[in-house]
Amino acid sequence: MTIRVAIDCMGGDHGLAVTVPAALAFLRGESEAFLLLVGRAEQIEPALAGAAAMRDRIEVVHADEVVAMDDPPALALRGKRNSSMRVAVGLVKDGRADAAVSAGNTGALMAISRFVLKTLDGIDRPAIASVIPNQKGGTTTVLDLGANVDCTAEHLLQFAVLGSSLVAAVEEKERPTVGLLNIGEEAIKGNEVAKQAAELLRASPLNFHGNVEGNDIYKGTTDVIVCDGFVGNVALKASEGLAQMLAGMIKDEFTRGPLSRALAVLAYPVLARFKRRVDPRRYNGASLLGLRGIVIKSHGSADAYGFEQAIRRACEAARHRLLERTIAAMQPFLAQLGAAPPPAGAESQGDEPVGSGALADRVAVR
């Protein structure tokens, strides 16, 4: 089955310098994929000059506007209707693409995706989910990682359902375990939102493990860990910074002198394996869950290798029929989600988010 992926070629810190080489590298290793490269055609076409052998699996879709990394989400949504980001997401809605990938402004991507694709039944807000390697040799799915900085207990319940459904669909685990990120394992710990969320999770059909702490992300204590976007984004950035610091410190120690450099040659195979295990680029590509379509967010500063992994994640999500399987996995929870009252001031699912308090203006930009 051919998977069609729409790529926002203009987004991210590096734009075409990363997205097009990554797309071509992906196609070389994936024979059953077709890419729709979205952006300014006059700039994309020259970058494809050496890819004649793959042109039958590439379509260039022109979009003359670009969402800048510092554009307010509301401006990107209302003022740039022909941006490469919006056109790429629109291709998913129209059925021309099975998934969309962008390294652009996170707030804009979330606002555009929510407006164009709409959310699933029972879901007020989409969430950003990604995997983090753990000590058990697997990964822990964490959400939200920055889409919603202020959340109610009901939102955290919805994120738990989405995360559990994602792991059940992709990893084929019948009842994934779910943990609520907190400052302690005891039920009395945390703020009021965390306590209320724990009560909702305990009353749900989810396989709720209980409260977990930050180190449980890496222990692999649970399959899914739920938190608000503020906490999740801080945890993610701290993890990336720690990995980079450890890699730099090890390099410094092995280049300190002639003897250290000699030992580095002997230890190279071990160091290479360690570097690969902690390389955040391998895990690049976060899913925007809760939408009626597959959208993958790449890190804005990703290089070609990292962006290639995001494209691969989008392709695998479509190949595993993630959306359909997530909808099916959510069915037992719809009654509870529907019973949860929407928070005051919740945005409607109408044609445009309204007001300065709309989701488009509240999303954390990554």
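Predicted model: local features only at pLDDT ≥ 70, side-chain atom pairs only at ≥ 80, totals over all residues.
Trainee: Why is Glu172 called exposed?

Mentor: Buried means under 20% relative accessible area, exposed over 50%, and partly exposed in between (1.4 Å probe, protein chains only). Glu172 has 60% relative accessibility, and therefore counts as exposed.

Trainee: Why is Arg325 called partly exposed?

Mentor: The relative accessibility of Arg325 is 26%, so this residue counts as partly exposed.

Trainee: What makes the pair Arg325 and Glu172 a salt bridge?

Mentor: The term requires a side-chain nitrogen of Lys or Arg within 4 Å of a carboxyl oxygen of Asp or Glu. For Arg325 and Glu172 the N to O distance is 3.7 Å, and the two side chains meet in a salt bridge. This pair links distant parts of the chain, 153 residues apart: Arg325 is in helix α12 (residues 322-330), and Glu172 is in the loop between α6 and β7 (177-181). Helices (H or I, at least four residues) and strands (E, at least two) are DSSP runs, numbered from the N terminus.

Trainee: How do you know that Lys173 forms a salt bridge with Asp223?

Mentor: The closest N and O atoms of Lys173 and Asp223 are 2.7 Å apart. This pair also links distant parts of the chain, with Lys173 in the loop between α6 and β7 and Asp223 in the loop between α8 (216-219) and β9 (224-226), 50 residues apart. Lys173 counts as partly exposed because its relative accessibility is 32%, whereas Asp223 is buried because its relative accessible area is 16%.

Trainee: Why are Lys195 and Glu192 separated by about one helical turn?

Mentor: Lys195 and Glu192 are three residues apart in helix α7 (residues 192-203), and therefore about one helical turn separates them. An α-helix has 3.6 residues a turn, so residues three or four places apart point the same way. Lys195 and Glu192 form a salt bridge, with their closest N and O atoms 3.8 Å apart. Salt bridges that share partners also join Arg4, Glu59 and Arg96 into one network. In the whole structure, a search finds 15 salt bridges.

Trainee: What makes helix α4 mostly covered?

Mentor: Nine of the ten residues of helix α4 (residues 84-93) are buried. Among them are Met85, Arg86, Val87 and Leu91. After α4 comes Gly95, with a positive phi near 85 degrees.

Trainee: What is meant by the largest nonpolar core, and which residues touch the most other members?

Mentor: A nonpolar core is a set of buried Ala, Val, Leu, Ile, Met, Phe, Trp, Tyr and Cys residues joined through side-chain atoms within 4.5 Å. The largest has 63 residues, and Ile7, Leu35, Leu37 and Leu143 touch the most other members. Helix α6 (residues 153-170) gives the largest share of this core, ten residues. Another core, of 39 residues, lies apart from it and includes Val61, Ala97, Met110 and Leu291.

Trainee: How do you know which spaces are pockets and which are cavities?

Mentor: On a 1 Å grid over the protein atoms alone, a cavity is a set of points where a 1.4 Å probe fits but cannot get out, whereas a pocket is an open set with protein on both sides within 12 Å along at least five of seven lines; lining residues have an atom within 4 Å of a point. Grid points are joined across faces, edges and corners, and a volume is the space filled by probe spheres set on the points. The largest pocket has a volume of about 1,000 Å³. Its lining has 38 residues, with Pro133, Ala243, Val278, Asp279 and Pro280 nearest the centre. Helix α9 gives the most to this lining, with eight residues. The second largest pocket holds about 560 Å³ of space.

Trainee: How many cavities of 30 Å³ or more does the structure hold?

Mentor: There are four cavities of 30 Å³ or more. The largest cavity holds about 110 Å³ of space.

Key: Residues numbered from 1 in each chain as written. Heavy atoms only, no water.
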